[in-house]
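Reader: I have a structure open and would like to go through its side chains. Can we start with the rings?

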Amino acid sequence: ARAAEAFGRGQSLEYRPSGATEVRAAGHAFVNMRARLERQIEQRTLMLSGVSHDLRTPLTRLRLSLAMLDAPEDEIDPMLRDLRDMERLLDEFLDFARGTASDGAPQPVDPFALIGQIVEDCERANIPATLHEVAGSGTVLLRAGGIRRAVENLINNAVRYGNRAEISIRLSEKTLRIRVEDDGPGIAEAQRLDAVKPFARLDPGRNQDRGTGVGLGLAITTDIVRAHGGHLRLGKSERLGGLCADIVITR
């Protein structure tokens, strides 16, 4: 049971089936299932990484060809923007395929220091994100790189469709909650389940003037949070009127 629970959190505990015949049979089934899932994840990551690498080569050639092309800048600039968009989409695909595979094992992390660093990085990049509320203290077993990617996805989503993002963090004896709120249009309750699915696009109710996406940001965040044994909860921000996204992880 401990090995299965740990695997749900993205950890792989050493386990050797023992005990009664039925218990050993269930144990061997679990070990085999875990091995198949790990192979499937590894194969998916390698395949999409290879596709991403193969696509970057012609994109680089196109970029070089545009740089050498004797044409007015107003004709070349739109094509360069298209190339940058394609490279950004490739990065999103790769992030989704990689999941938490490259983040290593969970380590004791001070979530307050981590979120504080993310907010500081946003300030340096002129991203309107601020720290609203902090409660509690201590450390939590986390993959710092994965949590950073998840929170940054939520912040980017907030400022893309709203004017600002406000982050709150609360640590209790049982749970860690990281909340990102914005003043944008939010997501209708009927669409929230679809919003976390890969490639989901909610364009009719969203502000696309702030940029476009491939629909993987919330899906990546959801995968990262699930790998920590937590869940992503979407709702309406009572303070700002937009989306309220909660990352909730059990300690």
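Author: A definition first: rings of Phe, Tyr and Trp pair if their centres lie within 6.5 Å, and planes over 60 degrees apart count as edge-to-face. Keep in mind that this is a predicted model.

Reader: OK. How many aromatic pairs does the structure hold?

Author: There are 2 aromatic pairs. In one of them, the ring centres of Phe7 and Phe30 are 6.5 Å apart and the planes stand at 85°, so the pair is edge-to-face.

Reader: Where in the chain do Phe7 and Phe30 lie?

Author: Phe7 is in helix α1 (residues 2-8) and Phe30 is in helix α2, so the pair ties together parts that are 23 residues apart in sequence.

Reader: And what does Tyr15 pair with?

Author: Tyr15 pairs with Phe30, also edge-to-face, at 6.2 Å centre to centre and 65° between the planes. Tyr15 sits in the loop between α1 and α2, 15 residues from Phe30. Phe7, Tyr15 and Phe30 form one aromatic cluster.

Reader: Is Phe30 buried or exposed?

Author: Phe30 is buried, because its relative accessible area is 14% and buried means under 20%. Phe7 is buried too. Tyr15 has 29% relative accessibility, so Tyr15 counts as partly exposed.

Reader: Changing topic to charges. How many salt bridges does a search of the whole structure find?

Author: The search finds 12. As background, side chains of opposite charge can pair when their charged atoms come close.

Reader: Give me one inside a helix. What does Arg148 form a salt bridge with?

Author: With Glu152, and the closest N and O atoms are 2.9 Å apart. Both residues are in helix α5 (residues 144-161), and they are 4 residues apart, so about one helical turn separates Arg148 and Glu152. Arg148 is partly exposed at 21% relative accessibility, and Glu152 is partly exposed at 29%.

Reader: What about Asp121 and Arg124, how many residues apart are they?

Author: Asp121 and Arg124 are 3 residues apart, about one turn of helix α4 (residues 111-124). Their side chains meet in a salt bridge at 2.2 Å, N to O. Asp121 is partly exposed, with a relative accessible area of 22%, whereas Arg124 is exposed at 58%.

Reader: Where is Glu181 found?

Author: Glu181 is in strand β5 (residues 175-182). Glu181 has a relative accessible area of 4%, so it is buried. The Glu181 side chain also makes a polar contact with the side chain of Ser237, at 2.7 Å. Leaving aside neighbours within four places in sequence, Glu181 is in contact with several residues, including Ala165, Ser168, Leu240 and Cys244.

Reader: Last topic, the surface. Which residues form a nonpolar patch there?

Author: Met47, Val51 and Leu55 form such a patch, with about 270 Å² of accessible area together. Val51 lies in helix α2 (residues 21-68), and Val51 is partly exposed, with a relative accessible area of 41%.

How values were computed:
Residues are numbered from 1 along each chain as its sequence is written. This is a predicted model: local features need pLDDT of at least 70, side-chain atom pairs count only at pLDDT 80 or more; totals for chains, interfaces and linings use all residues. Side-chain values use heavy atoms; hydrogens and water are left out. A salt bridge is a side-chain nitrogen of Lys or Arg within 4 Å of a carboxyl oxygen of Asp or Glu. Helices (H or I, at least four residues) and strands (E, at least two) are DSSP runs, numbered from the N terminus. Buried means under 20% relative accessible area, exposed over 50%, partly exposed in between (1.4 Å probe, protein chains only). A polar contact is a pair of N or O atoms within 3.5 Å; within protein, one must be able to donate a hydrogen and the other to accept it, and residues adjacent in sequence count only if both atoms are side-chain atoms. Contact means heavy atoms within 4.5 Å. Patches are made of residues with over 30% relative accessible area and no salt bridge: like charges are joined within 9 Å, nonpolar side chains (Val, Leu, Ile, Met, Phe, Trp, Tyr) within 5 Å. Accessible areas come from the Shrake-Rupley method with a 1.4 Å probe; for residues, only the protein chains shown count as cover. Rings of Phe, Tyr and Trp (its six-membered ring) pair if their centres lie within 6.5 Å; planes under 30 degrees apart count as stacked, over 60 as edge-to-face and the rest as tilted.
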